[in-house]
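Open the model in your viewer and keep the selection panel at hand.

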Amino acid sequence: MEKVKGSLSDVAAEIKPYVTKRGFKKYIGDAALSDVSRILLTKYSNVKLSVYVDNDGCSHLKVEVKKLFGGGVLDFLLTQRRKGNRKNYSLEWIDRIEEFDALL
């Protein structure tokens, strides 16, 4: 299958089934992250995915669409599955980035 250059609206339409919305924030579950990355990276040649952690410690998926006219950035919060009786520690965000880096 040959890769094509997609617009921001094309990429948003591909991701839409995996996105949940709470208020004004858009979320993607970390279980769906591998599906989203597989779909976008195999279909589009001008899409770049990255995972980052903001100042609050929340993980984000950043989808960049590079195009001369009509490119842009989509940003989604990543939700993680809850693990019972799990102790939080201050450097947990490093482990989260390594998990997502392994997926991409």
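Contact means heavy atoms within 4.5 Å. Helices (H or I, at least four residues) and strands (E, at least two) are DSSP runs, numbered from the N terminus.

This is a predicted model, in which local features need pLDDT of at least 70 and side-chain atom pairs count only at pLDDT 80 or more, while totals for chains, interfaces and linings use all residues. Residues are numbered from 1 along each chain as its sequence is written, and side-chain values use heavy atoms, with hydrogens and water left out.

**Whole chain**

Colour by secondary structure. The chain has three helices and five strands, in the sequence pattern α-β-β-α-β-β-β-α. Of its 104 residues, 29% count as buried, where buried means under 20% relative accessible area, exposed over 50% and partly exposed in between (1.4 Å probe, protein chains only). Among contacts with a separation of 6 or more, 51% come from residues 24 or more positions apart. The chain exposes about 7,200 Å², and carbon and sulfur atoms supply 52% of that area; areas come from the Shrake-Rupley method with a 1.4 Å probe, and for residues only the protein chains shown count as cover.

**The sheet**

Two strands pair if DSSP finds at least two bridges between them.

**Strand β4 and its partners**

Select residues 47-53 and 59-65. These are β3 and β4, antiparallel strands joined by seven bridges. Two of the bridge pairs to pick out are S50 with K62 and V53 with S59. In the hairpin that links β3 and β4, five residues lie between the strands, and G57 takes a positive phi near 90 degrees.

On to β5, which pairs with β4 in the antiparallel sense over six bridges. V65 stands opposite G72 of β5. The hairpin of β4 and β5 has six residues between the strands, with G70 at a positive phi near 95 degrees. Most of β4 is covered, as six of its seven residues are buried.

Stay in β4 and select K62. Is K62 buried or partly exposed? K62 is partly exposed, with a relative accessible area of 28%. Beyond four places in sequence, the contacts of K62 are K48, L49, S50, Y52, V73, L74 and D75.

**The core**

Next, select V11, I15, L40, V47, L61 and V63. These touch the most other members among the 18 residues of the largest nonpolar core. Such a core is a set of buried Ala, Val, Leu, Ile, Met, Phe, Trp, Tyr and Cys residues joined through side-chain atoms within 4.5 Å. Two or more residues each come from α1 (8-15), α2, β3, β4 and β5. Centre on V11: apart from neighbours within four places in sequence, V11 contacts L40, Y44, V47, V63, V65 and L74.

**N46**

The last stop is N46, in the loop between α2 and β3. N46 is buried, with a relative accessible area of 7%. Its side chain reaches the backbone oxygen of G6 at 3.0 Å. A polar atom of the N46 side chain also lies 2.9 Å from the backbone oxygen of K66. With residues up to four places away left out, N46 touches V4, K5, G6, E64, V65, K66 and K67.

Methods: A polar contact is a pair of N or O atoms within 3.5 Å; within protein, one must be able to donate a hydrogen and the other to accept it, and residues adjacent in sequence count only if both atoms are side-chain atoms.
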